[in-house]
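Here are some notes for a colleague who is opening this model for the opening look.

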Amino acid sequence: MLTYIARRLLTLIPMVIVISFLIYLGLELTPGDAVSHMIPPDAYGSMDPDRLQELRESLGLGKPFAVRYWIWISGVVQGDFGYSLAGGVPIADIFLDRLPATLELSFAALLISTILGSILGTISALTRGSATDQGLTVVGMLGVSIPEFFFGLVAILVFAINLDWLPVGGRTLPGYDSFWDRLPNLVMPALVLSIMMTAGVMRYARSSMLDALSRDFIRTARSKGMPEWRVNILHGFRVALTPVIVLIGFRLPVLIGGSVIIEQVFQWPGIGKEFVSAVRSQDYPLVMMVALFSVLAVLIASLIVDLLTAIIDPRVRLGE
Amino acid sequence: MEHDVALTVKGLKTYFYNNNRCNRAIDGVSFEIRQGKTLCIVGESGCGKSVTAASIMQLLPTLSRIEEGEITYHGPDGPVRIDALDRGGAQMRSIRGKEIAMIFQDPMTALNPVYSIGFQIKEMLMYHTGLGRRERHDKAIDLLASMGIPLPERRVNEYPHLYSGGMRQRAMIAIAMSCNPRILIADEPTTALDVTIQAQIFELMDTLKRENGTAIMLITHDMGVVAELADDVAVMYMGNIVEAGPVGTVMRNPVHPYTRALLDSIPVLGRGKDQEIKAIPGQTPDPYDRPKGCQFADRCRHRIDKCDQMPPETQVSDDHRVMCWRYEEFASDGR
């Protein structure tokens, strides 16, 4: 198991290198460069081209593409993420500052959607064809098809403005730092962020559960004279769980992507919000690092999925 | 009484409902399973063999029910009317598994892949016996050993996918036999297995019958198996038992054209390659659009006008019965 994890982590390295190269290449291909972003457009037009060229040389932009990539990536590997163009803050500091907020939000949403989605999906499967099942199906379709920011705005309107139960947005107030103080701020964004995924997990858990219940071993379990709950939960749900775990794992990056919008709506000071402003202000060193971080999240999520499936399903044995 | 009767089925009718149509899957079936004997139920696919088993176990699918008839289990505490019990009720569950156990056609899919074999045996013991944790584990090992599984101490913790097909069916039998049931229902237990393994499994079942006095109801479509294992045989066709009796009588002196056709369709070793194998002409009728009278009439070479009416169950002798208008002619034709 440990050797398997080590080996998987090693195979991540070439993948990360290739992807980081693609990210760098993508930004290289966008029009303009650092200099054109640093100098206001009206001043840029009236500047002496030789002066601009000089500036480029001094920033190292005159070097060939591959060399510049090498300088960037070797810096990243050594922990030097570079500086944000807006304000010159080290990107590492921005990450340290913003990452916990994003992780907090994502994991809260992941937890809610996993638990709620599996339970509702199982109920739906067990009461197949009933009013409960049909009601949940409709709710699930709505959850999947209505965009999250809409839910977010409606939730703010209802729960924060009309009912005044929860704060409108933000993560914390000065002087109130404990998790419990922050909890009311977390509730709405986490719930809204989890809606789409809850609906997805629910639909998936339902079909996975129906599939499991139609298998022969369910009949065997019944023929043993065990009560129905044990047949359904221990034999049905346990087997239905594996594909659901895989789905949840692969949704993890979507969750981080989704939080970009939700962080905007709720003024949540996370990476996603930072990403939007970085793109807007063409702060490309920061954009690259956020993109790289998302890639890492995807890769690590898939590793976690593999490990979880191996734990849950005895037929999957790792590394042999 | 020479042989205790373990289970009586009388006039059983089980119907399936589908889009407001009714499939009379079992249409008046009666038989007995005798203690310590093997009853074979033979017939083509779709003739109601498995539905009979599911009716006895009360494991019918949702859109089907027992319409009429009696299923009586003669347990140690007196007779129990199984058909009157609630499907999922406590009393039915205490019979299912403990008194009447079942093994299924495909051992590849009948075991839960995410639990160890041991877990799946111990689960049964947990519900039907008062054994403690440790004792259950030991009993599971004993059971596997008695089923002829090598290294049971290690095998008990292994998962089904590490077992071969034959071993899985042995494990299934170990589960079924774990609480010493009075009746074992085997629904085509070897159809999915190699012929060599098939013989081993049947041998095992025969040993269990002799040693534990278990009554066996074996569902099969293989006349060869019937000849080998059965004490009694019931031939089913489209929801009826068309002929039933002790195996010797039925095999040696079959009086229903369908039984005869089944026997004729088996190649016999030693008769050479040119022997005539008579396939049964035609196909089984659509269960939703059955013939009015004898269900076999359309495929029968001996059809007469009277066959448009359902023939009654008639006793040929004390223990041999048939559903055919012309059985007397066949009984005396010296075959």
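**Notes on the model**

1. Within chain A, the confidence is lowest in helix H2 (residues 34-38) of chain A, with a mean of 70, and highest in H10(A), at 90; pLDDT is the predictor's confidence in each residue, from 0 to 100. Chain A averages a pLDDT of 82, and 95% of the residues score at least 70. Helices (H or I, at least four residues) and strands (E, at least two) are DSSP runs, numbered from the N terminus.

2. This is a predicted model, in which local features need pLDDT of at least 70 and side-chain atom pairs count only at pLDDT 80 or more, while totals for chains, interfaces and linings use all residues. Residues are numbered from 1 along each chain as its sequence is written, and chains are lettered from A and ligands numbered from 1 in the order in which they are written.

3. Chain A is divided into domain 1 (19-77) and domain 2 (99-312), with bounds that come from an automatic or database domain assignment. The centres of these two domains of chain A, taken over C-alpha atoms, are separated by 39 Å. Their contact takes six residues from domain 1 of chain A and seven residues from domain 2 of chain A, where two residues are in contact if their C-beta atoms, placed from the backbone, lie within 7 Å. On the side of domain 1 of chain A that touches domain 2 of chain A, helix H1 (residues 2-29) of chain A gives the most, with five residues.

4. How many residues does the contact take from chain A and from chain B? It takes 19 residues from chain A and 23 residues from chain B. On the side of chain A that touches chain B, the elements that give two or more residues are helix H10 (216-223) and helix H11 (228-265) of chain A, and the largest share, seven residues, comes from H10(A).

5. Helix H12 (residues 271-280) of chain A and helix H13 (residues 284-312) of chain A pack at an angle of about 140 degrees, with their axes 9 Å apart; axes are lines fitted to C-alpha atoms, for helices over the stretch in contact, and angles run from 0 to 180 degrees between N-to-C directions. That makes H12(A) oblique to H13(A), because angles under 35 degrees count as roughly parallel, over 145 as roughly antiparallel, 65 to 115 as roughly perpendicular and the rest as oblique. From H12(A), A:Ile271, A:Phe275, A:Ala278 and A:Val279 meet A:Leu286, A:Val287 and A:Val290 in H13(A).
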